[in-house]
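Read this report with the structure open beside you. Find each named part as you go.

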Amino acid sequence: MVPELADPEQAVAAHLAGAADLARAAAVETADGDAAQVGASVAVRAEDVPDAATHYFAADKPGYRGWYWAVTVAGPEFDVNVSEVVLLPGPESVVAPTWVPWNERLRAEDLGPGDLLPVEDDDERLVPASAALDPEAEDDDGAGSGVREVGDELGMGRPRVMSREGRLDAAVRWSDGDFGPGADMARAASAHCGTCGFYLPVAGSLRAAFGVCGNGNVPADGHVVHAEYGCGGHSELQIDSGAIVAVADLVYDDGVEMETETAGSGG
């Protein structure tokens with residue numbers, strides 16, 4: 001099957017369709033003069049521009065199984081010339097996967113000691129610090145706004161902070177991670193982190209849902225955990241440490257009189 005790059009229903013001018021030999025010669029020249037790399041003619045397709053058509057030949061070039069030579073010829077009758085020669089993949093060709101930008105390919109675990117991962121200036125996860133303050137969170141008397149203006153004037157604080165989109169993206173990632181409410185550990189736990197004494201809530205708008213685990217005896221220590229995550233190290237977990245087998249009380253049976261042997265008694 002030829003790559004669908006031109007309209008197969010559009011009629012091809014006779015003088016362009018008859019330029020097959022010219023097109024083949026151009027393909028052979030591109031193949032370093034090796035005529036064996038240019039196979040049989042497969043199709044001729046008209047291009048969208050006037051007086052232009054593309055001849056397709058099977059490519060017998062090593063390493064290009066399923067590819068085609070595409071030779072575009074153009075010009076009026078009696079003045080047809082080669083416009084371009086390219087190799088095009090067919091439906092069954094082996095091609096490289098779709099290119100993904102490096103900043104989308106990187107994963108958190110790819111960053112090693114000494115590596116740098118700069119962010120773009122227009123990263124939607126970040127906004128200027130002065131624009132991140134929620135107007136509804138300011139004091140009624142405007143004190144919050146005044147503090148912000150003084151801090152900005154003195155150059156205090158961070159230049160940029162996480163935007164609403166950035167915080168939501170982090171919340172989804174943390175919720176779906178190893179320390180979210182859907183983790184196997186959380187589903188098997190008898191209590192959640194939100195009620196644990198080792199749970200250190202984060203500040204800001206994510207405080208109600210996330211915190212950091214401070215229990216050094218569990219795998220979640222030092223990690224951001226969801227309030228509905230849980231494990232066996234909950235601070236209020238109580239374990240009955242009493243004896244597994246009940247021990248009967250010591251009983252003195254004073255109702256039985258013991259016979260004592262007297263001197264000279266015997267059989």
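## Helix α6 and its neighbours

The buried residues of α6 pack against β6 (160–162) and β8 (210–213). Packing here rests on contact, meaning heavy atoms within 4.5 Å. Buried means under 20% relative accessible area, exposed means over 50%, and partly exposed lies in between (1.4 Å probe, protein chains only). Helices (H or I, at least four residues) and strands (E, at least two) are DSSP runs, numbered from the N terminus.

The model is predicted: local features need pLDDT of at least 70, side-chain atom pairs count only at pLDDT 80 or more, and totals for chains, interfaces and linings use all residues. Residues are numbered from 1 along each chain as its sequence is written, and side-chain values use heavy atoms, with hydrogens and water left out.

Which residues of α6 are buried? They are Gly166, Ala170 and Ala171. These residues cover an arc of only 135° around the axis, so they sit on the same side of α6. The arc is that of the directions from the helix axis to the C-beta atoms.

Helix α6 covers residues 164–175, 12 residues in total. From first C-alpha to last, α6 reaches 16 Å, close to the 16 Å expected at 1.5 Å a residue. That expected span is 1.5 Å times one less than the number of residues.

## Salt bridges

How many salt bridges does a search of the whole structure find? It finds 2. A salt bridge is a side-chain nitrogen of Lys or Arg within 4 Å of a carboxyl oxygen of Asp or Glu.

| Pair | N to O distance |
|---|---|
| Arg173 and Asp169 | 2.9 Å |
| Arg187 and Asp184 | 2.3 Å |

Arg173 and Asp169 both belong to α6. They lie 4 residues apart, about one turn of the helix. Arg173 is partly exposed, at 48% relative accessibility. Asp169 is partly exposed too, with a relative accessible area of 38%.

Arg187 and Asp184 both lie in helix α7 (residues 184–188). They are 3 residues apart, again about one turn of the helix. Are these two buried or exposed? Arg187 counts as exposed at 57% relative accessibility. Asp184 counts as exposed at 58%.

## The four-stranded sheet

Now look at the open sheet of 4 strands. Its order is β1-β2-β3-β4, with antiparallel pairing. β1 (38–46) and β4 (81–89) stand at the edges, each with a single partner strand, so one side of each has no neighbour in the sheet. Neighbouring strands are turned by 25° against each other on average, direction ignored. Such angles run from 0 to 180 degrees between N-to-C directions, and the axes are lines fitted to C-alpha atoms, for helices over the stretch in contact.

Strands of a sheet pair through backbone hydrogen bonds, either parallel or antiparallel. Two strands count as paired if DSSP finds at least two bridges between them.

β1 and β2 (residues 52–59) run antiparallel, joined by 6 bridges. Ala46 has Ala53 in β2 as its bridge partner. Val38 has Ala59 in β2. The hairpin of β1 and β2 has 5 residues between the strands, and Asp51 takes a positive phi near 55°.

Trp69 stands opposite Leu87 in β4. These two strands form a hairpin with 6 residues between them. Gly75 in the turn has a positive phi of about 130°.

What packs against this sheet? The buried residues of helix α2 pack against β1, β2, β3 and β4. Helix α2 covers residues 20–30, and its buried residues are Ala23, Ala26, Ala27 and Val28. After α2 comes Asp32, whose phi is positive, near 60°.

## Ala227

Ala227 is found in the segment after β9 (224–226). At 16% relative accessibility, Ala227 counts as buried. Not counting residues up to four places away in sequence, Ala227 touches His192, Cys193, Gly194, Tyr199, Ala208 and Ala209. Ala227 and Ala208 are 19 residues apart in sequence, yet 7.6 Å apart in space, C-alpha to C-alpha.

## The whole chain

The protein chain has 7 helices and 9 strands. Of its 267 residues, 25% count as buried. Among contacts between residues at least 6 apart in sequence, 52% join residues at least 24 apart.
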